[in-house]
Amino acid sequence: MPPPDATQPVAVLGAGIVGICTALSLLEQGVAVTLIDRGAPGQETSMGNAGVVSPWSIIPQSMPGTWKNIPSLLFGYGRPLSVHPRTLPTMIPWGLKFLARGREDRVRATAKAMGHLAAPSVDLYRHHLQGTGAEDLIADSYYVHAFRDASRARLDALDIQLRAEAGAEVERVEGAELARVEPALSPEFKAAMLIKGQARVRSPGRLGQVLADKARAVGATFKRTSIRRLSQTAEGWQIDCDGKAMQAKRVVLCMGAWSTDLLKPLGLSPPLMVERGYHAQFADPGITLNNSVMDVDAKVVASSMEGGVRVAGQAEFAPLDAPASERRSKLLVQIAKNAFPDLNTSAPSFWMGRRPSFPDSLPMLGEAPDLPGLYLNFGHSHYGLLMAPKSGQEIARLVSGTPGNIDLAPYSPSRF
């Protein structure tokens, strides 16, 4: 890795997993980096996810017929979808854009774009973890999509076809074979699709800490402060923080759901919704899961981690400042116990995080229109953990003037 060029530093706003991976890739390009965040690196939205690192998570949230499933998502088993009343004025136009993305031709185009960011995720994490002593944070895994209704586990389903066309190995199992793969899974689940060639993170929070420590060791500077405002100057950009203003010629915005607060005063209002997810974690679970397991009815994913079994997921559209839902936390415990009857659900811990979601399930990657020196890398929806390494690599190449190896047009900040 070349020594960072301190004469042309880049300010990375946001030290979640996207910001950390962006910093590591910039440092590999010989670019000096300062990361600015109000919290500890990797301990906000990055920390609480289900830990899936999947080259084959290339299926957008909007699919053909999604509109037909809205009642069951709102009121069916697990109630995986909810909408806060305060979000309705923005949710309705966003939702119409979202549903319009569900045509099969658009789904296929989006899946291809998602694949460019997802495909190298496992290899890039292993690359970033080299030399840290924590290489075992990434473990090989299947992604088990478990169905109570065996007829829904179909190899000809569009999502499975798209994965297979991209190169995934997928196997359908049921009965005794499913019990062999995941013995702790309830016999209510009659069949499953095994998506192979995956990995899972044993501790997303510790992954963020380890990679931040590596970035620091190779030259990154971390500033812990709240970012209040971003404005253009004759020399580049001014970042107003609590009690201090910082200057940078180039800025990469990686603040997830908080990014639009800084963009609106600059004249940019991308259609980003805050989509909150929850997890319940059981420190003394009494069971071990061999893989990442999705209950497709409740839209949650369970995984064994360093801190116990974590059950995470669901989608709650709500304002950034709305309090966490106690009802949803309790519901997660019930869902977890139903899926894994031998799970010890006493004394769970709960968490809520905020996903930044665009209608097309793709992030914004690129230089902001008419704002030279401001680069955007946010809006990864449900896929932030797995897309962070590649999106960080591509933004680093763009900032440093190094040719990238994918077309960034599908992720353009000007696409809406």
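This is a predicted model: local features need pLDDT of at least 70, side-chain atom pairs count only at pLDDT 80 or more; totals for chains, interfaces and linings use all residues.
Q: Why is Ser 57 called buried?
A: Buried means under 20% relative accessible area. Ser 57 has a relative accessible area of 7%, so Ser 57 counts as buried.

Q: Where is Ser 57, and which residues does Ser 57 touch?
A: Look in the loop between strand E3 (52–53) and helix H2 (66–75). Leaving out residues up to four places away in sequence, Ser 57 touches Met 114, Ala 118, Tyr 143, Tyr 383 and Leu 386.

Q: Which residues are in contact with Cys 254, leaving aside neighbours within four places in sequence?
A: Contact means heavy atoms within 4.5 Å. Cys 254 has such contacts with Val 12, Leu 13, Gly 14, Val 18, Gly 19, Thr 22, Ser 259 and Asn 377.

Q: How far apart are Cys 254 and Val 300 in sequence and in space?
A: They are 46 residues apart in sequence, and 26 Å apart in space from C-alpha to C-alpha.

Q: How do you know that the span of helix H10 agrees with what its 14 residues should give?
A: The expected span is 1.5 Å times one less than the number of residues. For H10 (residues 326–339) that gives 20 Å, and the end C-alpha atoms are 20 Å apart, so the two agree.

Q: Which residues of H10 are buried, and what covers them?
A: The buried ones are Arg 328, Ser 329, Leu 331, Leu 332, Val 333, Ile 335, Ala 336 and Ala 339. Their cover includes strand E4 (81–83), strand E13 (273–282), E14, E15, strand E16 (308–317) and strand E17 (349–357).

Q: How does the reach of helix H4 compare with the span expected at 1.5 Å a residue?
A: H4 (residues 104–118) has 15 residues, and 21 Å is expected. From first C-alpha to last, H4 reaches 20 Å, which is close to that.

Q: Which residues of H4 are buried, and what covers them?
A: Val 107, Thr 110, Ala 111, Ala 113, Met 114, Gly 115, Leu 117 and Ala 118 are buried. Helix H5 (121–129), helix H6 (158–166), strand E18 (364–367) and helix H11 (384–400) are among the elements covering them.

Q: What makes E9 and E10 a pair?
A: Two strands pair if there are at least two bridges between them. Strand E9 (residues 227–233) and strand E10 (residues 236–241) have six bridges, in the antiparallel sense. One of the bridges sets Ile 227 against Cys 241 in E10, and a hairpin through two residues joins the strands.

Q: Which strands does E14 pair with?
A: Strand E5 (residues 138–147) runs parallel to E14, with four bridges, and Tyr 143 stands opposite Ser 292. E15 runs antiparallel to E14, with three bridges, and Met 294 is partnered by Val 301. The hairpin of E14 and E15 has four residues between the strands, and there Lys 299 takes a positive phi near 60°.

Q: What makes both faces of E14 count as covered?
A: Ser 292 and Met 294 are buried on one side, and Val 293 and Asp 295 are buried on the other.

Q: What lines the largest cavity?
A: This cavity holds about 50 Å³ of space. Among its lining residues are Ala 146, Leu 185, Asp 295, Val 301 and Phe 340, and E14 and E15 each supply at least two. By class, the lining has ten nonpolar residues, no polar ones and one charged.

Q: What classes of residue line the second largest cavity?
A: With a volume of about 40 Å³, this cavity has three nonpolar, three polar and three charged residues in its lining. Val 107 and Thr 110 are among them.

Q: Which element gives the largest share of the lining of the second largest pocket?
A: H3 does, with four residues. The pocket has a volume of about 440 Å³ and 19 lining residues, with Thr 90, Lys 264, Leu 272, Met 273 and Val 274 nearest its centre.

Key
Residues are numbered from 1 along each chain as its sequence is written. Side-chain values use heavy atoms; hydrogens and water are left out. On a 1 Å grid over the protein atoms alone, a cavity is a set of points where a 1.4 Å probe fits but cannot get out, and a pocket is an open set with protein on both sides within 12 Å along at least five of seven lines; lining residues have an atom within 4 Å of a point. Grid points are joined across faces, edges and corners, and a volume is the space filled by probe spheres set on the points. Ala, Val, Leu, Ile, Met, Phe, Trp, Tyr, Cys and Pro count as nonpolar, Asp, Glu, Lys and Arg as charged, and the others, Gly among them, as polar. Buried means under 20% relative accessible area, exposed over 50%, partly exposed in between (1.4 Å probe, protein chains only).
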